[in-house]
Amino acid sequence: MSHHSPEDKKNIGWADHPAFVRGFLWFLYLSCAAALVAGFFWQKEHPHFAVETVPVFFAGFGFVMFSLIVLVGQHLRKLVGRPENYYQERE
Amino acid sequence: MLELSDNPGVILLLGAFIIIALPTIMRRPAMLLITGFSAMRLMGMEVGDQTVLSLFGLDLTPMKFDVLSRLFLIVFHIAVTLNIIYSWGVKNATECWASLAYPAAAMGGVLAGDWITLFIWWELAALTSVFLVWQPRTRETYLAGMRYMVIQIASGVLLLGGIVILFRQSGALAIGALDLRDPSGLFNPAALMLFIAIGVKSAFPLLHNWVQDSYPKSTLGGTIILSVFTTKLAVYLMARVFAGTPELIWIGAVMTIFPIFFALIENDLRKVLSYSINNQVGFMLTGIGFGTAASMNGAVGYAFSNIIFESLLFMSVGAAMYRTGTSKATELGGLYRTMPLTLMFCLIGALSISAFPGFAGFVTKGLILDGAAEGHNFIIWLILLFASAGVLEHAGIKIPYFTFFAHDSGKRPKEAPPMMLIAMGLSAVLSVGIGLYPEPLFNLLPYQEQIADYHPYSAYHIVEQLQLLLFAVLAFALLIKFKLYPPEVPSTNLDFDWLYRVPGRALLFKIVSLIVSLWRWLWGGAQEVVTRVMARTHRTHGPEGTLARNWPVGFMALWTAVVLAVALVFLYWVA
Amino acid sequence: MDFIAQLPVLPVVLPFVAAPLCLLLPAGRAPWVWATLVAWATFALSLILLEQVWINGTISYAMGGWSAPMGIAYRIDLTNGMVLALISFVAAVVFPYAGPSVRDEIAHKQTPAFYTALLLCFAGLIGVTITGDAFNVFVFLEISSLSTYVLVAMGAGRDRRALTAAFNYLVMGTIGATFFVIGLGLLYMATGTLNMIDLHERLVGQDNRVVKAAFAFIVTGLGLKLAMLPLHLWLPPAYSYAPSSITAFLAATATKVAVYIMLRFLYTVFGFDFPFLSVALDFFLILGVAGMFVASLAAMFQDDIKMMLAYSSVAQIGYMLLGISLGTVDGVAAGLLHLVNHAFMKAALFMAVGCVVLRLGSHQLSAFQGLAKRMPWTAWGMVIAAMSLAGIPGTAGFISKFALLQASFDKGGLTPTIAGFLIVLSSLLAVVYLMRVVRVMLQPLPESGPFTKPVVRPPLLMRVSLWVMVLANIYFGLQGGGLIALTRRAASILMGVDAGGAM
């Protein structure tokens with residue numbers, strides 16, 4: 001998924017091949033779509049919470065929360081990140 | 001009636017000492033034989049078997065075999081066996097010894113029917129496991145091992161305190177369910193101390209740092225062994241003693257969340273997995289906190305499968321480290337070219353821990369969430385869902401992605417050695433096996449009536465889980481595509497342990513130096529007074545100057561006078 | 001005059017008579033063999049005596065036929081019967097061990113003098129334990145102390161600092177003895193007797209300044225002898241620089257006997273009738289707990305292993321004082337139990353260190369690196385004894401710490417409960433300072449430095465003696481029941497006032 005300079009073209013493995021990446025992404029998009037559609041067909045028989053009856057709830061929750069973890073979580077680094085030998089210098 | 005020779009703790013502990021006497025080439029086969037022998041004895045035990053013993057007038061139950069201990073003993077045997085195979089090339093006496101002795105202590109603890117026996121195994125587990133932390137034999141691991149030992153022993157002290165108070169309260173030593181609070185709502189001190197003691201070992205939030213501090217610093221095999229036993233022994237005890245304790249729900253829920261963020265920014269993948277231990281134990285503790293039949297089955301069932309797939313992840317990262325010498329995300333990447341089998345096993349571990357349908361995590365995790373749903377505890381339910389997305393991020397995606405894909409590190413290591421592949425292969429087979437055919441695991445669970453009605457592969461359950469996970473993966477793919485995913489950077493990330501490793505340490509040294517200077521000041525003052533008195537005495541009485549050479553004697557004599565004076569004052573005026 | 005009737009006096013008389021004879025023997029092995037035989041015989045006699053006391057109750061013996069108030073009475077109950085057996089057991093194990101070690105550390109021509117002093121010290125300790133006369137205690141205490149000063153000073157062959165240590169010890173020991181004898185004088189003033197039972201009977205009801213002063217002097221004097229914090233400063237150097245076998249012997253006996261005498265004075269001579277006993281016990285509680293911590297902390301920072309173990313001894317005396325200060329049968333029994341078990345562990349540890357000194361010539365921590373490979377029997381013996389000292393289950397140390405803990409919690413109340421937790425906490429410190437040594441021993445052999453040369457293993461006799469002690473630690477860890485019963489009965493007899501009367 002990273003860009004390569006011409007000289008390590010020969011090093012490109014199967015997973016870095018653009019066709020594989022494209023194929024993988026399409027497979028993912030289609031699976032997501034299928035799961036989304038399936039949500040409308042199979043409902044929980046005895047829902048405990050109102051949100052469980054929303055057919056796309058889990059999809060939306062998964063997507064938003066994952067993005068949130070990554071986008072928000074990385075800023076924690078500014079707060080707690082230190083050089084690698086931080087403790088060695090102090091102990 | 002169980003014999004002493006039935007106790008896997010005793011068998012493996014004796015075995016640990018036998019193998020260090022053997023020639024190095026025979027150590028690993030012997031370890032396998034000993035574990036196999038212990039497993040055979042285990043199969044011969046019947047639920048309900050126990051041993052009672054009267055010692056110093058106390059009724060002890062050194063061994064008590066029931067449904068719960070059976071499940072943990074079985075999975076502990078599996079974990080030991082997998083590790084023996086995985087570390088086949090390691091023949092070092094200390095590591096081989098600790099790799100049997102430490103699991104032995106944990107198993108003895110699982111089988112213990114009374115608190116005293118438990119305490120003994122508990123401390124033994126602390127003392128044997130520290131050798132695994134020390135094993136790389138560097139200054140860094142020495143210090144980490146010391147910190148680890150202090151915390152582990154402190155947990156033992158708390159446990160002992162709790163036991164003593166409990167004994168004074170009830171006069172009984174049998175391990176059984178306890179209420180954390182009195183009927184009046186106040187904390188019961190005995191139960192609270194036991195709760196915190198077990199809490200330290202299960203790495204409650206803020207008491208968790210010893211896991212990340214010590215585990216990633218051990219050897220490859222040592223880390224895997226460590227990752228299994230201490231925390232799971234604690235989970236077992238929580239299930240046994242504090243099932244249905246509401247405080248545990250929240251503690252567990254917090255435990256599932258905060259490691260997610262630390263794992264996200266952590267560069268050392270073995271440390272990421274150590275955070276993952278906390279997160280996983282959090283799920284189990286929440287389930288135990290609900291205390292319903294479903295959530296208890298879920299919690300212990302999840303513990304069983306977690307031990308297998310968490311080990312699998314540690315093993316695959318360990319294999320990469322074995323071949324490349326590093327477990328840092330920034331120095332790994334692109335290994336899929338030359339280590340395809342390790343990649344495959346790692347992916348199976350990742351899918352299992354993320355609870356994809358068809359893998360081990362899926363079949364029991366749902367039960368824990370059902371516990372929240374049955375209790376109509378919406379917030380906890382949301383937290384657990386959120387944490388599930390978090391597991392996918394750090395354990396399901398980050399581990400395989402940064403080890404095998406991501407930017408090409410240019411490293412082209414050989415495939416992992418055959419014995420490592422066999423161990424990973426067995427774990428992978430078990431992970432998939434439990435996922436597709438969970439009945440044998442279900443048969444081991446404590447609440448059989450409940451599990452009989454449970455069908456993990458209902459259409460709805462599959463759909464909701466796939467929605468959650470697939471859309472999270474989609475989010476990942478899009479973040480990568482649009483370059484929003486943060487790159488890994490080499491760093492040390494401060495966690496709560498910073499408090500005792502930096503300011504706490506400085507404070508301790510400050511206090512020590514303060515005491516020293518105070519002491520010097522007091523002592524110096526006294527010394528001066530005595531010197532003056534002695535000098536005057538000397539001028540008037542002492543013809544020779546030899547006394548001067550032995551001032552310390554003078555001070556000891558001074559102390560004697562002080563003690564006498566204090567004694568007299570005490571007796572005359574106080575008594 | 002049948003044998004049983006004269007039995008009480010034999011354990012004292014035998015080493016006493018044997019000591020001067022030792023001086024006449026030719027230098028070399030003969031004095032050692034002689035001393036060893038005497039120790040074994042004394043041990044056998046002590047065991048028979050203990051059995052007699054266990055079956056028939058307290059034994060009284062009037063020296064030379066003069067009855068109690070006038071003559072000197074020997075009185076053996078379970079408590080001193082047990083301490084007697086302990087001392088002679090330690091002697092019976094350490095004396096054989098001393099042979100090879102002394103050959104290395106003491107000049108050849110000094111051997112008769114060395115073993116004479118050792119036998120005198122041994123006889124003195126036994127005398128202190130066995131006698132029922134307060135002034136006789138002082139006499140025997142001085143006999144053992146004087147010979148101890150000589151023995152410590154004999155370490156000067158290896159390290160000149162032994163002389164300073166012995167001198168300091170001499171001064172302090174003499175101050176202690178003086179305080180003790182002043183106390184006795186005051187008691188005599190108040191009562192007109194020095195027999196312990198008579199003293200007790202006449203002291204009942206007396207609550208005046210003379211008695212109080214006597215009590216303070218005796219407690220301070222004995223406190224010095226037993227190295228109670230803060231009167232412990234003489235002990236670490238004396239133990240560190242004394243010859244190896246002497247350290248092993250003294251650590252297991254001398255302070256133990258002093259603790260026993262303290263118990264005897266507290267509970268037999270003064271007894272519970274004294275209103276100030278509870279204050280005195282609080283005093284011990286505080287000093288005991290302080291000793292547990294101050295000395296353990298000091299031990300953590302020692303690089304000299306003998307010094308470390310010596311500080312640890314001071315800490316362990318704190319445990320015994322704590323048990324005694326609880327003032328309950330359980331507490332005293334636990335203190336006695338720890339007294340016995342600590343003798344086993346410290347003897348074993350110092351004997352192991354002695355093996356290292358013999359082969360490597362040093363007791364610094366650095367000499368212990370890789371010991372498990374170099375001298376496996378010594379190293380593993382030391383590990384087991386260290387486990388016992390730390391109180392790991394399965395060893396004697398666990399049993400006595402557990403008993404102490406139980407006694408503290410059973411006493412109830414705030415202070416004993418806190419003290420109980422402090423016991424556990426200070427055991428943690430012990431684990432830390434012992435782990436330091438154990439870790440070093442398990443490391444690979446050093447590649448540079450003074451301790452790289454290979455060594456021959458220590459003589460078989462030393463290893464066997466060491467392992468007898470180590471096995472005692474394991475035996476009493478696994479089969480502690482008999483010893484527990486013994487200490488409990490001893491404590492209840494000691495504390496029951498009327499059982500103090502002659503039978």
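Modeller: pLDDT is the predictor's confidence in each residue, from 0 to 100. Keep that scale in mind, for this is a predicted model.

Colleague: In chain A, where is confidence lowest and where is it highest?

Modeller: Confidence in chain A is lowest in helix 4 (residues 86-90) of chain A, at a mean of 77. The highest value in chain A belongs to helix 2 (residues 57-73) of chain A, at 92. For chain A as a whole, the mean pLDDT is 82. In that chain, 87% of the residues reach 70 or more.

Colleague: How many helices and strands does chain A have?

Modeller: Chain A has four helices and one strand. Read from the N terminus, the order is α-α-α-β-α. Buried residues make up 13% of the 91 residues in chain A.

Colleague: With which strand does strand 1 of chain A pair?

Modeller: Strand 1 (residues 81-82) of chain A pairs with strand 3 of chain B. The sense is antiparallel, over two bridges. Within this pairing, Arg82(A) stands opposite Thr492(B).

Colleague: Now the interfaces. How is the size of an interface often given?

Modeller: Often as the accessible area lost when the parts come together. Here we count residues in contact. Between chains A and B, 49 residues of chain B are in contact with 43 residues of chain A. Helix 19 of chain B gives the largest share of chain B's side, 18 residues. By class, that side has 35 nonpolar, seven polar and seven charged residues.

Colleague: And how many residues do chains B and C bring to their contact?

Modeller: Chain B brings 25 residues and chain C brings 33 residues. Helix 6 and helix 22 (551-574) of chain B each supply at least two residues of chain B's side. The largest share, 14 residues, comes from helix 22 of chain B. This side has 20 nonpolar, four polar and one charged residues.

Colleague: How do side chains lie in a regular strand?

Modeller: They alternate between the two faces of the sheet. Take strand 2 (residues 73-76) of chain C. Ala73(C) and Arg75(C) point one way, and Tyr74(C) and Ile76(C) the other way. All of these residues are buried. Strand 2 of chain C pairs with strand 1 (residues 59-62) of chain C in the antiparallel sense, over four bridges. Across that pairing, Tyr61(C) has Tyr74(C) as its bridge partner.

Colleague: On to helices. Which residues of an α-helix point the same way?

Modeller: An α-helix has 3.6 residues a turn, so residues three or four places apart point the same way. Our case is helix 7 (residues 189-201) of chain B. Its buried residues include Ala191(B), Leu194(B), Phe195(B) and Ile198(B). The buried residues of helix 7 of chain B pack against helix 6 and helix 9 (220-241) of chain B.

Colleague: What span should helix 7 of chain B have?

Modeller: At 1.5 Å a residue, its 13 residues should span 18 Å. The end C-alpha atoms are 19 Å apart, which agrees. Helix 7 of chain B is followed by Ala203(B), whose phi is positive, near 65°.

Colleague: How far apart are Ala452(B) and Glu439(B) in sequence and in space?

Modeller: Ala452(B) and Glu439(B) are 13 residues apart in sequence. In space, they are 9.5 Å apart, C-alpha to C-alpha.

Notes: Residues numbered from 1 in each chain as written. Chains lettered and ligands numbered in written order. Predicted model: local features only at pLDDT ≥ 70, side-chain atom pairs only at ≥ 80, totals over all residues. Contact = placed C-beta atoms within 7 Å. Nonpolar A, V, L, I, M, F, W, Y, C, P; charged D, E, K, R; others polar. Pairing = 2+ DSSP bridges. Buried ≥ 20, exposed ≤ 12 C-beta atoms within 10 Å, placed from the backbone. Expected span 1.5 Å × (residues − 1).
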